Amino acid sequence: MSGLGLASFMAPPLNFDSDDPFDLQQGRVTVRTVWVYDKPTLEATKVKLLQRDAIFNITNTAVTEDIDSHNRIWYQVGTDGYVPSGNIQPVRTMLSQPYTANIPIEGLLAEVCVPYTDAFVEPSTESKVGYRIYYETTHWVKALVAGKTDGQPWYQVRDDKWDELYYVRADHIRIMTPEELAPITPEVPLKEKKIVVQLEQQLVTAYEMGMPVFSVPVSTGARLRSGTYTTPSGNFITYYKRPSRHMAAGDIAASGFDLPGVPWVQYLTKSGISFHGTFWHNDYGRPRSHGCINMSCSAAKWLFLWSSPSVPVNKEFTYGQVGTKVEIL
């Protein structure tokens with residue numbers, strides 16, 4: 001089986017009502033390989049090798065005694081051992097019921113609700129795979145169709161970069177509701193909201209009327225194999241916002257990227273520097289990006305809904321000369 005992202009269509013939806021914070025919690029390997037250690041330290045014995053997109057149950061967390069590490073959080077892999085969290089995306093398998101109401105011509109915003117799933121060029125697992133898409137990435141659903149070989153419900157999904165259509169099993173994507181996409185504290189005047197990015201601390205903080213209301217570690221521009229990338233300091237605004245964006249640039253074999261469904265994008269510069277959700281690492285608190293401000297998908301979503309301008313439901317973007325103030329220090 002190629003992974004829990006391709007769980008059976010016939011499996012019932014899972015009910016996430018539990019006092020256990022690790023109930024249904026899984027991890028997905030985001031890099032080529034990671035080692036499982038018998039203790040939460042790189043000095044421990046290696047006990048198991050996990051490949052990219054391997055899915056495992058996260059049963060607990062641990063804090064390594066390696067005090068020089070910027071990211072001291074490790075995940076417990078069932079009874080096998082521990083992995084450092086930096087290259088593990090926390091995921092869940094939460095199968096969704098198909099959306100049976102009419103889908104408007106502009107489409108509906110949806111979120112992948114399984115660790116990963118494949119987008120095919122036709123509504124059949126026997127057709128060619130266009131892309132693999134990952135947990136909490138966002139995509140525009142255009143229609144509900146029947147599978148060619150199984151008759152089960154599939155969503156037609158439009159790729160916003162190449163303007164091509166793909167097909168994804170409907171229980172692997174969750175249509176987002178207008179209530180979920182509603183702006184956060186819209187009653188607070190625009191001039192009273194501000195976002196501060198502290199490059200040295202790798203921290204983003206949102207302020208209302210001078211008081212911090214939200215703060216998370218992030219990853220900004222870094223020195224990579226292909227060159228040195230910086231996040232510019234200065235004053236900006238969130239003038240261009242997209243709840244979903246296919247980002248691609250460069251040669252993938254040489255530190256380029258091809259990332260469909262990047263969620264909750266807020267552009268600050270015409271060169272493409274933005275806040276956005278990140279599913280290809282979980283290593284916040286140190287520089288690691290091509291210049292953008294990497295955030296967890298859930299943190300990026302909160303900031304996107306909190307900032308201005310608001311993006312109307314079922315609209316792919318908002319672009320203008322107004323936005324929430326951003327200071328990068």
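1. The charged end of Lys 241 sits over the ring of Phe 304, 4.5 Å from its centre. Here "over a ring" means that NZ of Lys or CZ of Arg is within 6 Å of the ring centre and within 35 degrees of the ring normal. The charged end of Lys 194 is likewise placed over the ring of Tyr 207, 5.9 Å from the centre.

2. This is a predicted model, in which local features need pLDDT of at least 70 and side-chain atom pairs count only at pLDDT 80 or more, while totals for chains, interfaces and linings use all residues. Residues are numbered from 1 along each chain as its sequence is written, and side-chain values use heavy atoms, with hydrogens and water left out.

3. Rings of Phe, Tyr and Trp (its six-membered ring) pair if their centres lie within 6.5 Å; planes under 30 degrees apart count as stacked, over 60 as edge-to-face and the rest as tilted. By this rule there are 14 aromatic pairs. Tyr 134 and Phe 279 make a stacked pair, 5.7 Å centre to centre with 25° between the planes. Tyr 134 is in strand β10 and Phe 279 in the loop between β23 and β24, 145 residues apart. Strands (E, at least two residues) and helices (H or I, at least four) are DSSP runs, numbered from the N terminus.

4. Buried means under 20% relative accessible area, exposed over 50%, and partly exposed in between (1.4 Å probe, protein chains only). Tyr 134 is buried at 14%, and Phe 279 is buried at 4%. The rings of Tyr 240 and Tyr 319 have centres 5.1 Å apart and planes at 70°, so this pair is edge-to-face. Tyr 240 is buried at 18%, whereas Tyr 319 is partly exposed at 46%.

5. Five strands form an open sheet of mixed pairing, in the order β17-β16-β15-β26-β20. Two strands pair if DSSP finds at least two bridges between them. The edge strands, β17 and β20, each pair on one side only. β20 and β26 run antiparallel and are joined by four bridges; Asn 235 has Glu 327 in β26 as its bridge partner.

6. Which residues of α1 are buried? They are Cys 297, Ala 299, Ala 300, Lys 301, Leu 303, Phe 304, Leu 305 and Trp 306. Eight of the 10 residues of the helix are buried, so α1 is largely enclosed by the rest of the structure.
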